[in-house]
Amino acid sequence: MPRRGEPLRKLGFLTIGRFDADNPRPGIEETLQVIELAEQLGFDSVWLRCRHLQPGISSPVAIMAAATQRTSRIELGTAVIPLGLENPMRLAEDLATVDLLSGGRINPGVSVGTPMLYEHYKTALYPDTHDREDFSKERVLRLVRALRGDPVSDFAGTVGIEQFTRAVQPHSPGLAGRVWYGGGRDSAVWAGEHGLNYLTSSVVSTEDSLGGTSPVDFATIQAEHIDAYRAAHTGTPRVSQGLVVIPTDSATDDQVRRYRDYAAGRFERTKEPQGPRGMLFSPDYVGPSAELADRLYEHAGFQRADEITFALPFTFEPADYTQIITDLAAHLGPALGWAPTV
C-alpha cells in the first residue's frame, strides 16, 4: 500500500457533473470533456457521483456510455449508484452493454438503503410497491448475480423467430468482479465476505467501529474499516480511498483563497460525529503538493488503500477543476510515487 518510497498504484478522481437545470447540455458536455482531459493527463480512472432529482449526474451509465466513445484506456466508475432507485436486472443489462463498449473498463460502485427523500417521490418511483420494496444488501447480490450470468428467467428457447436466454444479455465477462461497495465497518466486512471491492470516502460511520464514537479520529476509523474488509476478503481485494484533496501548485491567488475558504467553511463538521449513526467527516486537504503528500503519507487510511480517488469539491468553476486535476496529475501524483499512463 502507498507508504513513502512505494509507488501509488492507481490514481483517479470523482466528479459531481454539475449543470444548469435550465440549460443542462453544456454542463453534461463539460463532464465528458473532463473525462477526456483525465485520459490525456494519464489518470487511471474517473468516477461519477450519482445525484437524483438534482442538477447533476442522474444517469451515470449514460454518461459512461458516451465517454467510452471518446476515450480508449481510462477506467470509468460510479460512486455510487443508489440501488434503491434501480431494478438490478435492468441495470445489469445497461452496465454490461456499456462495459463491452468500453472494452472492460467499467467499475460499478453501488449503495443500498432507503433512497434519500424517498417519502417525497416514492409513488412516482414505485406506484404500487413503494411500501414493500426491499432496500437491503440483497439488492446488491441480485445485481452481482445478474452480471455474473446466473439465470434470471426459467425459460430459454425459441418463440416464433425470437431467441430467449435464461441469463441477462449481453454478458460481459469479468464485470461482476468489478462491483464496488462502501459504508461503515459492518458494510466493509460484508463486502469482503461477498468478494466485492471496497470504496471509502470522506465520511465514515463511527457507530460500528471497534471504539464506538471514541476516539473520534477519522483516519484511524477509516483504517479500521479497511483492515476489517481485508480480513474478511478471501480473494484479491481492491480498496479505493476518496478524500477531498486540492493541490494549489498552479492555482492563482484568488483560487487559493477560495479553496481555503471552502475547506474552512466545512471544517466544523469534522470535529465530532454527526447524527444518530455518528457520521464523521474528513477535513478537506488544501495546499502545495509536497505538503499534501506529507500529510497523506501520515494518514492511516491512505496507507491501507490500493487506489486513490480524490473527490472534486462542489460549487467550483470549470477552470478550477481543470487546474486541480492538472496539478493532481503533474504534481501531487508524482509526489506520491505515481506515474501517468500514456
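Let me begin with a term: a residue is called buried when its relative accessible area is under 20%. In this model, which is a predicted one, the residues of helix H5 that are buried in that sense are Arg139, Val140, Leu141, Leu143, Val144, Ala146 and Leu147. The elements covering them include helix H3, strand E6 (109-111), strand E9 (180-182) and helix H6.

Let me stay with H3, which spans residues 88-102, while H5 spans residues 138-148. Their axes come within 8 Å and cross at roughly 45 degrees, which makes H3 oblique to H5. The crossing of H3 past H5 is right-handed. On the H3 side, the contact is made by Pro88, Leu91, Ala92 and Leu95, and on the H5 side by Arg139, Arg142, Leu143, Ala146 and Leu147. Sorted by class, that contact has seven nonpolar residues, two charged ones and no polar ones. Just after H5 comes Gly149, whose phi is positive, at about 100 degrees.

Now please turn to helix H7, residues 218-232. How far apart are its end C-alpha atoms? They are 21 Å apart, which agrees with the 21 Å that 15 residues should span at 1.5 Å a residue. H7 is mostly covered, since eleven of its 15 residues are buried, among them Phe218, Ile221, His225 and Tyr229. The buried residues of H7 pack against helix H6 (185-193), and also against strands E10 (197-199), E11 (203-205), E12 (239-241) and E14 (279-281).

Terms used:
Residues numbered from 1 in each chain as written. Predicted model: local features only at pLDDT ≥ 70, side-chain atom pairs only at ≥ 80, totals over all residues. Heavy atoms only, no water. Axes fitted to C-alpha atoms, helices over the stretch in contact; angles between N-to-C directions. Helix = DSSP H or I, 4+ residues; strand = E, 2+ residues; numbered from the N terminus. Parallel < 35°, antiparallel > 145°, perpendicular 65-115°, else oblique. Left-handed = near helix turned anticlockwise from the far one by under 90°. Contact = heavy atoms within 4.5 Å. Nonpolar A, V, L, I, M, F, W, Y, C, P; charged D, E, K, R; others polar. Expected span 1.5 Å × (residues − 1). Buried < 20%, exposed > 50% of the residue type's maximum accessible area, 1.4 Å probe, protein only.
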